[in-house]
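Trainee: Could you take me slowly through a single part of this model, the sheet, and show me how its strands are arranged? I would like one connected explanation that I can follow with the structure in view.

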Amino acid sequence: MVQNITQNCVGSNTMMRPKIVLFGDSITEQSIQVNGWGVPLANAYSRRADVLVRGYDGYNTRWAMFLLHHLFPLNSTKPPLATTIFFGANDAAWLGRTSERLHVPIEEFKENLRKIVRHLKECSPTMQIVLITPPPFSEEGRLAYAISVYGENAYKLPEKTNEVTGQYANACVEVAKEIGVWYINLWSKMQETDGWQNKFLSDGLHLTTEGNTIVYEEVVKVFNEAGLSADKMPLDFPHHSKIDYKHPERAFQQDVCDIPL
């Protein structure tokens with residue numbers, strides 16, 4: 001699965017950085033907030049790749065299917081170099097509880113993930129695809145959050161359970177292994193740490209600074225294994241130290257490395 005990113009240097013008037021797309025629900029949408037996991041990722045790939053956040057609060061895989069042709073058109077000449085797919089937190093909502101409208105049966109969830117991956121592979125057979133499981137869910141933390149927001153009107157039961165969330169996490173891993181793409185089992189990884197409920201989750205569902213750090217570190221680890229280490233990717237234009245201040249035009253007349261996607 002390791003992609004060779006060694007490129008030949010060619011002259012080009014249409015220099016473009018490769019793209020890394022983060023596709024998911026609110027946990028992805030919030031990744032560009034202060035201390036979000038998308039911020040250090042964009043910083044790590046600065047001048048090497050553009051990190052594009054496509055996160056949609058409240059979305060499940062059923063609704064994500066409607067976005068595929070808009071976000072990943074099959075006729076694109078510059079498809080992403082890599083894409084993370086981070087859904088499941090909403091799909092796992094229980095029927096009969098407050099967020100039941102978000103529920104997607106687990107078999108449909110698995111099939112939706114397959115369809116998303118197939119679409120991305122059709123866009124680009126060489127695209128590195130990473131499935132990320134939903135994080136664990138703290139029922140106690142979610143109820144405490146509801147009380148802090150709604151007081152006496154807070155719901156009495158959380159919208160799902162950690163056990164059910166784990167079933168969706170396992171389903172995500174199964175699909176990744178079945179299709180042969182990268183995956184991060186965030187549900188299991190976070191629960192390796194004592195006190196994960198408060199250390200990694202801010203409201204029982206979304207991530208704290210420490211939780212975002214875990215996601216960032218795991219994504220970078222997979223990207224490195226996939227041959228997409230930032231430090232091995234060329235800068236889009238010459239570093240300032242390579243520019244002759246007396247003849248700056250020479251640095252830009254030389255061949256530059258255009259990185260095809």
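Mentor: Strand β1 (residues 19-24) and strand β2 pair in the parallel sense over 6 bridges, where two strands are said to pair if DSSP finds at least two bridges between them, and where strands (E, at least two residues) and helices (H or I, at least four residues) are DSSP runs numbered from the N terminus. Within this pairing, Ile20 has Val51 in β2 as its bridge partner. Before going further, please keep in mind that this is a predicted model, in which local features need pLDDT of at least 70 and side-chain atom pairs count only at pLDDT 80 or more, while totals for chains, interfaces and linings use all residues. Residues are numbered from 1 along each chain as its sequence is written, and side-chain values use heavy atoms, with hydrogens and water left out.

Buried here means under 20% relative accessible area, exposed means over 50%, and partly exposed lies in between, with a 1.4 Å probe and protein chains only.

If you now step back to the whole sheet, you will find an open sheet of 5 strands in the order β2-β1-β3-β4-β5, with parallel pairing. β2 (50-55) and β5 (182-184) stand at the edges with a single partner strand each, so one side of each is left without a neighbour in the sheet. Neighbouring strands of this sheet are turned against each other by 15° on average, direction ignored, with axes taken as lines fitted to C-alpha atoms, for helices over the stretch in contact, and angles running from 0 to 180 degrees between N-to-C directions.

Finally, follow the chain back to the loop between α2 and β2, which is the place of Arg47. Arg47 has a positive phi of about 70° although it is not a glycine, and it is partly exposed, with a relative accessible area of 28%. Most residues other than glycine have a negative phi.
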